[in-house]
Amino acid sequence: MNKVTVPVKSIVDKSALIGEGTRVWNYVHVRENSEIGKECVLADYVYVGRGVKVGNRVKLENRATVYQGVTIEDQVFIGPHVTFTNDFIPRSFNTEWKILSTHVKKGASIGAGTVIVCGTTIGEYALIGAGSVVTENIPSYALAYGNPARIRGFVCRCGRKLETEEKKKDCMLMKCRFCREHFKIPLEDYKRIRKEE
């Protein structure tokens, strides 16, 4: 925990590793054997469970709860009140939890109040809308929201919605009209777009 200041109102286990430049706010609880990267933000009341892995430049906003079994890659945004689950059959009397892994890939953003059901993967730069319940894997660059969360389109790294340009044999060419960046979205992912109900 070199050069990391932990407020007296926060608890960080001695076995936890926190990278340089990470800011820990009040009432944060980081459990044993967790790894937090460099230049992260752990806002008020954040909970990081046992053995959780968090990359560099990640923002965990107020009251985010990240339980055991979760891996978060670099530059991910986790909004306030986001909750990760880690067991499909939770029982208070069960002494043998079956922890399922959840993976959030680089650059993804998860909106406030979202629940991520365990065993899922959220792809690179995916954008999950506020108040969603994620029950299945979300591909890279997908825009998903709702309960359960469904893919509604695809977004650029800047977060703006992509426009469809051309269909190819195995992908859909899409572009961002703001960044002018082009993307090849696999057809199997593109076909998962759900129209508004």
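**View 1. T120 in its loop, between β16 (115–116) and β17 (121–122).** This is a predicted model, where local features need pLDDT of at least 70, side-chain atom pairs count only at pLDDT 80 or more, and totals for chains, interfaces and linings use all residues. Residues are numbered from 1 along each chain as its sequence is written, and side-chain values use heavy atoms, with hydrogens and water left out. Strands here are DSSP runs of E, at least two residues, numbered from the N terminus. T120 is buried, at 4% relative accessible area (buried means under 20%, with a 1.4 Å probe and protein chains only). Its side chain reaches the backbone oxygen of V117 at 2.8 Å. Skipping neighbours within four places in sequence, T120 has contacts (heavy atoms within 4.5 Å) that include H103, V134 and E136.

**View 2. The largest nonpolar core, 48 residues.** Such a core is a set of buried Ala, Val, Leu, Ile, Met, Phe, Trp, Tyr and Cys residues joined through side-chain atoms within 4.5 Å. L42, L60, I72, I78, F84 and I110 have the most contacts inside it. Among the elements giving two or more residues are β11 (70–72), β20 (142–145) and β21 (150–154). Beyond four places in sequence, L42 touches W25, V28, I36 and L60, among others.

**View 3. An open antiparallel sheet, ordered β22-β23-β24.** Strands count as paired if DSSP finds at least two bridges between them. β22 (163–167) and β24 (182–186) are the edges, each with a single partner strand, so one side of each lacks a neighbour in the sheet. Five bridges join β23 (residues 171–175) to β24, and L173 sits opposite K184 in β24.

Definitions and conventions:
Helices (H or I, at least four residues) and strands (E, at least two) are DSSP runs, numbered from the N terminus. Buried means under 20% relative accessible area, exposed over 50%, partly exposed in between (1.4 Å probe, protein chains only). A polar contact is a pair of N or O atoms within 3.5 Å; within protein, one must be able to donate a hydrogen and the other to accept it, and residues adjacent in sequence count only if both atoms are side-chain atoms.
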